Amino acid sequence: MTDRVDINRLLGEMRSIKSQTQVFQRPQSVVNGDVAINRGLSNLQVDSPNKVPSFGDLMTKAINNVNDVQQKSSAMAEAYEKGVAGVDITDVMIASQKASVSFQAMVQVRNKLVEAYKDVMSMPI
């Protein structure tokens, strides 16, 4: 038996993850590499540069997102077991699979980070 995921939900999740990972975005005042001051945007404020999140912040946010997905999945499964109206078994299974996939992806990222750390530590000085 194969597990099928609603493609629209999966694409929505992928788009939201992509938007979270796109740290460097082009400012709206930049058009084709030129600053659009001549186009009526001369009151552009440049007081503070865009804050770029650190790697630790991104990892913390990703881990928190995985935790949220797992908690929602558990809550949905518990609601289904209690017989709460409006909770469908297909939604419970999809949430469970989302939690499983997100956790597996997080574990793979962790494994790659540990492997990279070991490679760096084994380099000669």
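The following paragraphs describe the overall make-up of a predicted protein chain and the packing of its helices α2 and α3.

Residues are numbered from 1 along each chain as its sequence is written, and side-chain values rest on heavy atoms, with hydrogens and water left out.

The protein chain contains three helices and two strands, taken as DSSP runs numbered from the N terminus, with helices (H or I) of at least four residues and strands (E) of at least two. Read from the N terminus, the order of these elements is α-β-β-α-α. Of the 125 residues, 8% count as buried, where buried denotes under 20% relative accessible area, exposed over 50%, and partly exposed the range in between (1.4 Å probe, protein chains only). Among contacts (heavy atoms within 4.5 Å) between residues at least 6 apart in sequence, 55% join residues at least 24 apart.

Helix α2 spans residues 55-82, and helix α3 spans residues 89-121. Their axes, which are lines fitted to C-alpha atoms over the stretch in contact, with angles running from 0 to 180 degrees between N-to-C directions, come within 9 Å and cross at roughly 155 degrees. The two helices are therefore roughly antiparallel to each other, given that angles over 145 degrees count as roughly antiparallel, under 35 as roughly parallel, 65 to 115 as roughly perpendicular and the rest as oblique. The crossing of α2 past α3 is left-handed, in that the near helix is turned anticlockwise from the far one by less than a right angle. Residues making the contact include F55, M59, S73, M76, A77 and Y80 of α2, together with V92, A95, S96, A99 and L113 of α3. The residues of this contact divide into 16 nonpolar, four polar and two charged, with Ala, Val, Leu, Ile, Met, Phe, Trp, Tyr, Cys and Pro counted as nonpolar, Asp, Glu, Lys and Arg as charged, and the others, Gly among them, as polar.

Within α2, S73 counts as buried because its relative accessibility is 9%. Apart from neighbours within four places in sequence, S73 is in contact with A95, S96 and A99, and its C-alpha atom lies 9.6 Å from that of S100, 27 residues away in sequence. On α3, V92 is likewise buried, at 8% relative accessibility; leaving aside neighbours within four places in sequence, V92 is in contact with M76, A77, Y80 and V87. The C-alpha atoms of V92 and K72, 20 residues apart along the chain, are separated by 9.6 Å, while those of V92 and E78, 14 residues apart in sequence, are 9.3 Å apart. E78, also located in α2, counts as partly exposed at 42% relative accessibility.

Methods: Predicted model: local features only at pLDDT ≥ 70, side-chain atom pairs only at ≥ 80, totals over all residues.
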